[in-house]
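Q: Please take a close look at one part of this model with me. I would like a connected account that starts from a single side chain and then takes in the ligand site and a helix pair.

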Amino acid sequence: MTRDEFKQLTKNLPNVVIAIRKTSGSEEIYYSTSIESLTGYTDEEMEAKPGGHLSIVYEDDFQEVKKNHSEMYSKYNGAPRSFDYRIEKRNGDIIWVREAIQFDDPDLLKQTLIDITEFKTSNTKLQKEKDDINEVNTAKDKFISIVSHDLRAPFTSLLGFTEILLNEPELPEEEKREYLNYINDASHNQLHLINYLLDWSRLQSGKISVEARRIKVKSLISQISSYLSGTLIKKQIKFKMNIPDDLFLVADEKLITQVMTNLISNAAKFTHAGKSITVTADRFKKGMVEVVVSDEGIGISEENKNRIFKLEEKVSTSGTNGEKGTGLGLTLVKEIVEKHGGEIWFYSKLNEGSEFHITVPEAKNLILLVEDDVSTRSLYQRLLSKITPNFEVCEANNGYEAISLISENIPSLVITDHSMPLMNGYQLVEAIREREETKHMPIIVISAQINPELKEKYSALGVEQIVLKPFNKEALSQSITEILE
Ligand code: ADP
């Protein structure tokens with residue numbers, strides 16, 4: 001076969017074909033034109049390279065390829081063979097290729113080269129996913145064995161004390177009280193542990209749905225500090241807050257409250273009387289809010305630092321007043337933060353204090369205005385720029401447009417007209433409520449004719465704010481401030 005005949009034969013083949021003809025003492029090598037799309041070098045350029053495509057074999061794989069080739073020549077038994085290696089393309093990209101070799105006659109070696117990069121990377125990805133799953137499973141097994149021990153352990157003493165109380169009615173009152181106190185404490189701790197376990201397993205199995213909504217960070221932390229004020233007062237711990245007024249996050253209110261309560265009560269638990277706890281929050285990387293809980297407490301030992309958050313290494317030490325724990329709080333906190341797309345990390349110095357950082361998505365300052373009449377829309381626009389100057393307002397002409405805008409960017413509030421062509425306000429609200437992410441999104445409806453029946457229907461969909469037309473500046477402005485604050 002001449003070079004021309006080879007080129008003609010291989011002209012339209014998608015895979016790269018290589019022919020190597022050995023004649024007495026010399027070797028001729030031909031590449032099909034498809035070599036260019038694989039490597040970036042034309043067939044002529046490749047043929048002119050000393051060693052042909054072997055000259056672009058990736059450095060680390062070169063020895064192996066050479067070995068395979070020389071074995072091929074010396075021990076070839078006629079069966080087709082293939083092996084994989086990496087090559088460096090003209091543009092510097094490294095790709096995986098599979099080379100298959102076949103001799104048609106002892107002097108004509110035919111090779112094909114195909115790109116298998118995608119296959120290789122998806123295979124490595126699959127292997128990594130498999131390894132990760134195995135790792136998580138081993139961690140879970142270990143965790144379950146630790147927790148099973150913790151679940152069973154207190155019952156020996158609980159049963160022991162209750163039996164003494166039942167069988168020895170003559171016990172002194174003081175001793176009775178001591179045993180009852182023990183039973184009470186142990187039962188509280190046990191209930192705590194069981195609640196954590198149930199929450200954790202529900203989060204793991206996806207049974208807890210995250211109902212994200214816009215939450216003002218300052219109000220969230222103030223509310224938690226008032227829940228915990230009993231503990232803080234009892235331990236004489238000062239609570240400080242440094243949070244901007246206009247900072248909002250998007251999260252499930254119950255779950256994020258659980259996270260912050262846990263972090264702040266840990267800070268209180270591991271801090272001595274007279275010291276303080278500070279919660280600061282601010283905008284972090286693009287689109288995220290960072291909340292930091294810092295304490296001046298006892299800190300975390302180097303040994304425990306590597307064990308915190310690890311399921312299989314449950315760490316629990318007593319607080320500065322001997323408060324007991326479950327060692328599960330932070331595992332749950334991490335799970336919840338990650339479910340919201342955030343991260344958690346900490347810094348701590350023994351006897352100086354600890355800082356726990358979390359990130360959660362920031363709520364966008366966006367209002368969606370749905371109104372079919374252009375001039376009314378511009379009237380509302382003007383009003384909104386006065387009431388909520390920090391908010392971007394986007395406009396939709398009708399319900400369909402509104403739904404498509406919402407699916408791109410969830411607004412903090414939707415203000416919609418009731419009577420609109422194509423889809424009225426009620427139908428729009430129904431469509432919004434169908435989606436998990438917008439189930440609780442605040443909505444204000446503006447309408448000229450609202451009857452009690454319609455009002456009730458809106459109320460059933462969670463819309464309580466209905467502003468009557470003709471345009472009522474005060475009523476609208478009051479509804480907006482109520483919702484966004
Ligand atoms: P628990 O507090 O119920 O034991 P957690 O998972 O909340 O469980 O915390 C695990 C452990 O991490 C605690 O027992 C304690 O050793 C350490 N830890 C957590 N937060 C702090 C903190 N603010 N200061 C010092 N140690 C802490």
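Which side chain is joined to that of Lys305 by a polar contact, and what is the distance?

A: Happy to walk through it, keeping in mind that this is a predicted model. The partner is Glu302: its side chain and that of Lys305 form a polar contact of 2.9 Å. Lys305 itself belongs to helix α10, which spans residues 302–305. Leaving aside residues up to four places away in sequence, Lys305 touches Ile300, Phe346 and Ser348.

Now to the ligand. There are 20 residues around the ligand, and those that come nearest are Asn266, Ser316, Thr317, Thr326 and Leu330. Some polar atom pairs are worth a look too. Asp295 places a polar side-chain atom 2.8 Å from a ligand nitrogen, while for Ser354 a polar side-chain atom lies 3.4 Å from a nitrogen atom of the ligand. Gly327 takes part through its backbone, with an N or O atom 3.1 Å from a ligand oxygen.

Helix α7 (residues 217–227) packs with helix α9 (residues 253–269) at an angle of about 55°, and their axes are 10 Å apart. The two helices are therefore oblique to each other, and α7 passes α9 in a right-handed crossing. On the α7 side, Leu220, Ile221, Ile224 and Tyr227 make the contact, and on the α9 side Ile256, Thr257, Met260, Thr261 and Ile264 do. Sorted by class, this contact holds 7 nonpolar and 2 polar residues, with no charged ones.

Methods: Residues numbered from 1 in each chain as written. Predicted model: local features only at pLDDT ≥ 70, side-chain atom pairs only at ≥ 80, totals over all residues. Heavy atoms only, no water. Axes fitted to C-alpha atoms, helices over the stretch in contact; angles between N-to-C directions. Helix = DSSP H or I, 4+ residues; strand = E, 2+ residues; numbered from the N terminus. Parallel < 35°, antiparallel > 145°, perpendicular 65-115°, else oblique. Left-handed = near helix turned anticlockwise from the far one by under 90°. Contact = heavy atoms within 4.5 Å. Nonpolar A, V, L, I, M, F, W, Y, C, P; charged D, E, K, R; others polar. Near = heavy atom within 4 Å. Polar contact = N/O pair within 3.5 Å; in protein donor to acceptor, adjacent residues only side chain to side chain.
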